[in-house]
Amino acid sequence: MSERPDPSSSATLLALAATCLREDLRPKLEARDRFLALIAANAIDIVARELRLAPGAEQREVERLALLLEREGDRETLNLIFCDALAQGRLDETSPGVLDHLFALTMDRLEIDQPRYAAYRRELA
Amino acid sequence: MIAGDHPGARLLSALKRRDPTVETLEGFQRLTGGAMQETWRFEAVADGRRRPLVLRRAQNDGAAPRPGTISLADQAHVTRAAARQGVPSPEVVAVLDDDDGLGPGFVMGLVEGETVPQKILRSPEFETTRPLLAAQCGAILARIHALPASQLPDLPRLTAADKLRALRQQYVQQGRPRPVFELAFQWLFRRLPQEPVGCLVHGDFRNGNLIVQADGIAAVLDWERAFVGDPMYDLGWLCVGSWRFGEIDHPVGGFGSLSAFAEAYRAEGGTVDLDRARFWEVYGSLDWGVTTAELGQEAGRTQSLEAAAIGRRTTEAEIDLLRLIRDERKKP
């Protein structure tokens, strides 16, 4: 097994980089650069959440897809089969489990990408 | 090669040709704009008076407009036609032609006011303005949709099927299947409306393309995506979740209610069809989702941090699509 960085130390590194951009550098910048520094800090936050949350989310996605499609496979394969079934109309929003899976998938991704999006907050509540 | 050059000298002769009293142009400021168009703010001095103006021109001189968009000259002609119909609009001062040597573009009067959506929706200075906006959108869109074809340039005629097939093609070309998008495409294909084609559709009527002053909407901008088709497209697009900027309980642009919109729209002679508007809201959310996915994919090539960040907003469109599809299922 190759050495992988301790996830907690990666998280610390990213958190420090985001804080540096947001709190130390941003106040010293002019309007346009100040905006870009905020986007950069937010991007780092997204990656930090992804490192923490994506493994669990992807495992749950595979488990739900395997149940829904009644077959085994890796995430990419199952997802392609699922997309094809939707595109061909073999599955749709009335099929058991389809909407539940898509909501769970999208909510897991929003927790990583855009946890402040109003519709996400509403669905959590 | 014109793109990127300072337009000053050529613009002065272009404006002098149309108005010999113009003496000088001053205070050029490049405003942030799209990748395909550039926008400059400046002042024309004539008879000792200074008039603030805006130049909008193509960044690629002579390049054909992107698919789904109309030329800058046509945008200027539609702006003029809309103004005659009582749509608050900037005054088009000059439509550039080949003699001007500036590429395609037009010059318009500067309209003062706010365009930043979050400020319009949250700033205390617009507290008494906000309750007016949904109804104003209704009245303005009714006038746009009533514009006779005889007053318009030749615009693309697009049915719901045309729009949906074009979006599907754009998505398929990305080569990255997303199950929520697949579901949304099928949902839309099963519900293609039999729409009355034939109205002028603005195509990008939303918070962000409106100049707002204390008493409300002072100008409608950005006719780049105008077409002839279903008027309910504009209402659906105005309601797309991402254009509510967090004010999700105010469906009309984050401003207000559908009933306030519909009352004003009907008072100006329009007919609201909420089912078709809902179809176009789903279409619009999908359109925005596909656009964000594309920007994210291109970010490696364009090296644009902003585009890469927008690429992480695809999931916003996806939750909006799922909520819409779920809520339609619940309906009797």
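The largest nonpolar core has 82 residues. A nonpolar core here is a set of buried Ala, Val, Leu, Ile, Met, Phe, Trp, Tyr and Cys residues joined through C-beta atoms within 7 Å. Buried means that 20 or more other C-beta atoms lie within 10 Å of the residue's own, with C-beta atoms placed from the backbone. The model is predicted: local features need pLDDT of at least 70, side-chain atom pairs count only at pLDDT 80 or more, and totals for chains, interfaces and linings use all residues. Residues are numbered from 1 along each chain as its sequence is written, with chains lettered from A in the order written.

**Cores**
- B:Cys137, B:Ala184, B:Phe261, B:Val282, B:Leu286 and B:Leu321 touch the most other members of the largest core.
- Domain 1 (8-109) and domain 2 (117-330) of chain B each give this core at least three residues; the bounds come from an automatic or database domain assignment.
- A second, separate core of 18 residues includes B:Leu53 and B:Phe106.

**Strand S5 of chain B**
- Four of the five residues in S5(B) (105-109) are buried; strands are DSSP runs (E, at least two residues), numbered from the N terminus.
- S5(B) pairs antiparallel with strand S3 (49-58) of chain B over five bridges; pairing requires at least two DSSP bridges.
- B:Leu53 has B:Gly109 as its bridge partner in S5(B).
- Strand S4 (92-95) of chain B also pairs antiparallel with S5(B), over three bridges.
- B:Phe106 in S5(B) stands opposite B:Val95.

Definitions and conventions: Buried ≥ 20, exposed ≤ 12 C-beta atoms within 10 Å, placed from the backbone.
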